[in-house]
Amino acid sequence: MNVNEISFFITLLYIICPFIYFKFAKDENWRAQIYKSLRYMSLLFTLFLLFIVLGVFLSGGILLYFYPSEHWPLALFLLCLGFFHLSEFFLVAAFNPDQLDESSLLLNMRDYNTALVSAVVEYVVEYNFFPSLRPPPYIAMGAAVVVVIGQAIRTTAVYTAKKAFTHYIQETKRSGHQLVTDGIYSFSRHPGYMGWFYWFVGTQVLLFNPVCFVIYLVVAFMFFKARIAYEEVTLLEMFGTDYAEYKKKVWTGIPFIA
(Lines give C-alpha, C1' and ligand atoms only; values in the text may rest on other atoms or scores of the structure.)
Protein backbone atom coordinates (compact mmCIF):
# COMPACT_ATOMS: atom_id res chain seq x y z
CA MET A 1 0.00 0.00 0.00
CA ASN A 2 1.51 3.32 -1.06
CA VAL A 3 1.21 6.67 0.66
CA ASN A 4 -1.64 7.84 -1.61
CA GLU A 5 -3.73 4.82 -0.63
CA ILE A 6 -2.94 5.34 3.05
CA SER A 7 -4.04 8.98 2.82
CA PHE A 8 -7.22 7.97 1.02
CA PHE A 9 -8.19 5.41 3.65
CA ILE A 10 -7.45 7.82 6.52
CA THR A 11 -9.63 10.47 4.87
CA LEU A 12 -12.36 7.86 4.42
CA LEU A 13 -12.07 6.90 8.08
CA TYR A 14 -12.56 10.52 9.10
CA ILE A 15 -15.65 10.73 6.90
CA ILE A 16 -17.33 7.67 8.45
CA CYS A 17 -16.29 8.45 12.07
CA PRO A 18 -19.52 10.27 13.00
CA PHE A 19 -21.61 7.43 11.54
CA ILE A 20 -19.61 4.84 13.50
CA TYR A 21 -20.02 6.72 16.75
CA PHE A 22 -23.75 7.31 16.49
CA LYS A 23 -24.31 3.71 15.41
CA PHE A 24 -22.49 2.20 18.35
CA ALA A 25 -22.92 4.86 21.05
CA LYS A 26 -22.86 3.18 24.45
CA ASP A 27 -25.48 5.45 26.00
CA GLU A 28 -28.64 3.92 24.54
CA ASN A 29 -31.01 6.45 26.12
CA TRP A 30 -29.05 9.39 24.77
CA ARG A 31 -28.72 7.76 21.35
CA ALA A 32 -32.47 7.15 21.23
CA GLN A 33 -33.18 10.80 22.01
CA ILE A 34 -30.81 11.89 19.26
CA TYR A 35 -32.41 9.57 16.72
CA LYS A 36 -35.87 10.84 17.59
CA SER A 37 -34.97 14.47 17.10
CA LEU A 38 -34.83 16.31 13.81
CA ARG A 39 -31.60 17.85 15.01
CA TYR A 40 -29.87 14.49 14.60
CA MET A 41 -29.68 14.81 10.81
CA SER A 42 -28.40 18.38 11.01
CA LEU A 43 -25.77 17.36 13.56
CA LEU A 44 -24.70 14.34 11.53
CA PHE A 45 -24.37 16.41 8.36
CA THR A 46 -22.30 19.05 10.17
CA LEU A 47 -20.03 16.39 11.64
CA PHE A 48 -19.76 14.79 8.21
CA LEU A 49 -18.41 18.02 6.74
CA LEU A 50 -16.11 18.73 9.68
CA PHE A 51 -14.60 15.25 9.57
CA ILE A 52 -13.93 15.66 5.86
CA VAL A 53 -11.98 18.83 6.69
CA LEU A 54 -10.00 16.99 9.35
CA GLY A 55 -9.39 14.12 6.95
CA VAL A 56 -7.95 16.56 4.42
CA PHE A 57 -5.68 18.00 7.12
CA LEU A 58 -4.37 14.59 8.13
CA SER A 59 -3.99 13.08 4.66
CA GLY A 60 -2.40 16.30 3.37
CA GLY A 61 0.06 16.21 6.24
CA ILE A 62 0.99 12.59 5.46
CA LEU A 63 1.53 13.35 1.79
CA LEU A 64 3.72 16.35 2.51
CA TYR A 65 5.72 14.45 5.11
CA PHE A 66 6.50 11.32 3.10
CA TYR A 67 7.15 12.91 -0.26
CA PRO A 68 10.55 14.62 -0.67
CA SER A 69 9.66 18.15 0.32
CA GLU A 70 10.86 21.14 2.30
CA HIS A 71 7.36 21.52 3.67
CA TRP A 72 7.63 18.93 6.44
CA PRO A 73 6.93 21.61 9.12
CA LEU A 74 3.61 22.33 7.41
CA ALA A 75 2.99 18.58 7.21
CA LEU A 76 3.56 18.18 10.95
CA PHE A 77 1.32 21.18 11.62
CA LEU A 78 -1.54 19.62 9.64
CA LEU A 79 -1.04 16.26 11.34
CA CYS A 80 -1.04 17.82 14.81
CA LEU A 81 -4.06 19.95 13.94
CA GLY A 82 -6.08 16.98 12.72
CA PHE A 83 -5.15 14.84 15.72
CA PHE A 84 -5.90 17.59 18.24
CA HIS A 85 -9.44 18.24 17.05
CA LEU A 86 -10.28 14.58 16.50
CA SER A 87 -9.07 13.71 20.01
CA GLU A 88 -11.20 16.50 21.50
CA PHE A 89 -14.31 15.03 19.88
CA PHE A 90 -13.72 11.48 21.06
CA LEU A 91 -12.73 12.52 24.58
CA VAL A 92 -16.08 14.27 24.91
CA ALA A 93 -17.75 11.18 23.42
CA ALA A 94 -16.01 8.96 25.96
CA PHE A 95 -16.60 10.96 29.14
CA ASN A 96 -19.49 13.38 28.45
CA PRO A 97 -21.59 11.88 25.65
CA ASP A 98 -24.63 13.93 26.68
CA GLN A 99 -22.68 17.07 25.74
CA LEU A 100 -21.48 15.77 22.38
CA ASP A 101 -22.30 17.97 19.39
CA GLU A 102 -20.54 19.68 16.48
CA SER A 103 -18.86 22.12 18.86
CA SER A 104 -17.00 19.19 20.47
CA LEU A 105 -14.50 19.36 17.61
CA LEU A 106 -13.63 22.92 18.70
CA LEU A 107 -13.88 24.11 15.11
CA ASN A 108 -16.87 26.36 15.72
CA MET A 109 -14.88 29.45 16.78
CA ARG A 110 -14.56 32.00 13.98
CA ASP A 111 -11.55 33.84 15.42
CA TYR A 112 -9.73 30.56 16.06
CA ASN A 113 -10.39 29.32 12.52
CA THR A 114 -9.21 32.64 11.12
CA ALA A 115 -5.99 32.27 13.11
CA LEU A 116 -5.39 28.80 11.64
CA VAL A 117 -5.89 30.05 8.09
CA SER A 118 -3.64 33.04 8.78
CA ALA A 119 -0.88 30.71 9.95
CA VAL A 120 -0.92 28.77 6.68
CA VAL A 121 -1.05 31.99 4.65
CA GLU A 122 1.95 33.44 6.48
CA TYR A 123 3.89 30.20 5.97
CA VAL A 124 3.20 30.21 2.22
CA VAL A 125 4.03 33.92 1.82
CA GLU A 126 7.25 33.61 3.78
CA TYR A 127 8.35 30.50 1.90
CA ASN A 128 7.76 32.07 -1.52
CA PHE A 129 8.86 35.66 -0.92
CA PHE A 130 11.24 35.52 2.04
CA PRO A 131 12.98 32.12 1.82
CA SER A 132 16.10 33.46 3.51
CA LEU A 133 14.09 33.84 6.72
CA ARG A 134 13.53 30.09 7.03
CA PRO A 135 15.22 28.80 10.21
CA PRO A 136 17.50 25.78 10.59
CA PRO A 137 15.57 22.48 10.91
CA TYR A 138 16.43 21.95 14.57
CA ILE A 139 14.24 24.92 15.57
CA ALA A 140 11.21 23.36 13.92
CA MET A 141 12.01 19.98 15.46
CA GLY A 142 12.27 21.55 18.90
CA ALA A 143 8.93 23.26 18.36
CA ALA A 144 7.40 19.94 17.26
CA VAL A 145 8.46 18.45 20.60
CA VAL A 146 6.73 21.34 22.43
CA VAL A 147 3.56 20.78 20.39
CA VAL A 148 3.53 17.06 21.16
CA ILE A 149 4.13 17.72 24.87
CA GLY A 150 1.30 20.27 24.87
CA GLN A 151 -1.01 17.69 23.26
CA ALA A 152 0.03 15.06 25.81
CA ILE A 153 -0.66 17.42 28.72
CA ARG A 154 -4.06 18.37 27.34
CA THR A 155 -5.11 14.78 26.67
CA THR A 156 -3.85 13.59 30.07
CA ALA A 157 -5.79 16.39 31.77
CA VAL A 158 -9.06 15.37 30.10
CA TYR A 159 -8.48 11.68 30.81
CA THR A 160 -7.69 12.38 34.48
CA ALA A 161 -10.71 14.62 35.06
CA LYS A 162 -13.07 12.49 32.94
CA LYS A 163 -16.67 13.77 33.47
CA ALA A 164 -15.41 16.74 35.48
CA PHE A 165 -13.79 18.14 32.32
CA THR A 166 -16.01 20.03 29.88
CA HIS A 167 -15.46 22.49 27.06
CA TYR A 168 -17.72 24.97 28.81
CA ILE A 169 -17.18 26.64 32.17
CA GLN A 170 -19.52 25.07 34.71
CA GLU A 171 -21.26 27.76 36.73
CA THR A 172 -23.19 25.36 38.94
CA LYS A 173 -22.02 22.22 40.72
CA ARG A 174 -23.32 19.12 38.99
CA SER A 175 -24.32 15.95 40.80
CA GLY A 176 -21.20 13.95 41.58
CA HIS A 177 -18.91 16.80 40.56
CA GLN A 178 -15.72 16.57 42.60
CA LEU A 179 -12.58 18.70 42.73
CA VAL A 180 -9.78 16.89 40.88
CA THR A 181 -6.36 17.48 42.45
CA ASP A 182 -4.48 14.25 41.76
CA GLY A 183 -2.37 13.09 38.82
CA ILE A 184 -1.40 15.88 36.46
CA TYR A 185 -3.64 18.24 38.46
CA SER A 186 -1.11 18.06 41.29
CA PHE A 187 1.39 19.88 39.02
CA SER A 188 -0.99 22.33 37.32
CA ARG A 189 -4.47 23.33 38.42
CA HIS A 190 -5.44 24.01 34.78
CA PRO A 191 -3.46 21.43 32.75
CA GLY A 192 -6.03 21.45 29.96
CA TYR A 193 -5.44 25.15 29.36
CA MET A 194 -1.71 24.74 29.91
CA GLY A 195 -1.43 22.03 27.26
CA TRP A 196 -3.51 23.93 24.75
CA PHE A 197 -1.48 27.11 25.33
CA TYR A 198 1.85 25.43 24.55
CA TRP A 199 0.32 23.48 21.66
CA PHE A 200 -1.22 26.62 20.16
CA VAL A 201 1.88 28.81 20.42
CA GLY A 202 4.27 25.97 19.58
CA THR A 203 2.63 25.42 16.19
CA GLN A 204 3.76 28.88 15.09
CA VAL A 205 7.36 28.20 16.04
CA LEU A 206 7.07 24.94 14.12
CA LEU A 207 5.97 26.89 11.03
CA PHE A 208 8.37 29.72 11.92
CA ASN A 209 5.68 32.34 11.54
CA PRO A 210 7.08 35.39 13.38
CA VAL A 211 3.96 37.53 12.90
CA CYS A 212 1.49 34.83 13.89
CA PHE A 213 3.74 33.74 16.75
CA VAL A 214 3.52 37.17 18.39
CA ILE A 215 -0.23 37.42 17.77
CA TYR A 216 -0.90 33.86 18.95
CA LEU A 217 1.20 34.39 22.08
CA VAL A 218 -0.53 37.64 23.07
CA VAL A 219 -4.05 36.49 22.21
CA ALA A 220 -3.63 33.08 23.88
CA PHE A 221 -2.22 34.66 27.02
CA MET A 222 -5.04 37.21 27.27
CA PHE A 223 -7.68 34.57 26.53
CA PHE A 224 -6.50 32.07 29.13
CA LYS A 225 -5.80 34.75 31.73
CA ALA A 226 -9.39 36.02 31.46
CA ARG A 227 -10.91 32.54 31.24
CA ILE A 228 -8.98 31.19 34.23
CA ALA A 229 -9.86 34.24 36.33
CA TYR A 230 -13.56 33.80 35.58
CA GLU A 231 -13.53 30.03 36.01
CA GLU A 232 -11.79 30.24 39.36
CA VAL A 233 -14.54 32.48 40.70
CA THR A 234 -17.02 29.68 39.96
CA LEU A 235 -14.69 27.02 41.39
CA LEU A 236 -14.34 28.98 44.64
CA GLU A 237 -18.12 29.23 44.85
CA MET A 238 -18.53 25.49 44.27
CA PHE A 239 -15.67 24.13 46.38
CA GLY A 240 -14.94 26.97 48.83
CA THR A 241 -11.88 26.57 51.05
CA ASP A 242 -10.88 23.30 49.37
CA TYR A 243 -10.22 25.11 46.12
CA ALA A 244 -8.69 28.13 47.89
CA GLU A 245 -6.10 25.87 49.53
CA TYR A 246 -5.48 24.00 46.30
CA LYS A 247 -4.97 27.30 44.46
CA LYS A 248 -2.31 28.37 46.96
CA LYS A 249 -0.30 25.18 46.42
CA VAL A 250 -0.52 24.60 42.65
CA TRP A 251 0.13 27.07 39.83
CA THR A 252 -1.66 27.23 36.48
CA GLY A 253 1.26 26.07 34.37
CA ILE A 254 1.12 29.15 32.13
CA PRO A 255 3.83 31.79 32.70
CA PHE A 256 2.69 35.00 34.45
CA ILE A 257 -0.75 33.57 35.25
CA ALA A 258 -0.56 32.79 38.96
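Analyst: Here we go through some labels and the values behind them. This is a predicted model, where local features need pLDDT of at least 70, side-chain atom pairs count only at pLDDT 80 or more, and totals for chains, interfaces and linings use all residues. Residues are numbered from 1 along each chain as its sequence is written, and side-chain values use heavy atoms, with hydrogens and water left out.

User: Why is the pair of Phe84 and Trp196 called tilted?

Analyst: Rings of Phe, Tyr and Trp (its six-membered ring) pair if their centres lie within 6.5 Å; planes under 30 degrees apart count as stacked, over 60 as edge-to-face and the rest as tilted. By this rule there are 14 aromatic pairs. For Phe84 and Trp196 the centres are 5.5 Å apart and the planes at 35°, so the pair is tilted.

User: What makes Phe84 count as buried?

Analyst: Buried means under 20% relative accessible area, exposed over 50%, partly exposed in between (1.4 Å probe, protein chains only). Phe84 has 0% relative accessibility, so Phe84 counts as buried. Trp196, at 11%, counts as buried too.

User: Why is the pair of Tyr243 and Tyr246 called edge-to-face?

Analyst: Their ring centres lie 5.7 Å apart and their planes are at 65°, so edge-to-face is the label. Both Tyr243 and Tyr246 are buried.

User: How do you know that the charged end of Lys162 sits over the ring of Tyr159?

Analyst: The rule asks for NZ of Lys or CZ of Arg within 6 Å of the ring centre and within 35 degrees of the ring normal. The charged end of Lys162 sits over the Tyr159 ring, 4.1 Å from its centre.
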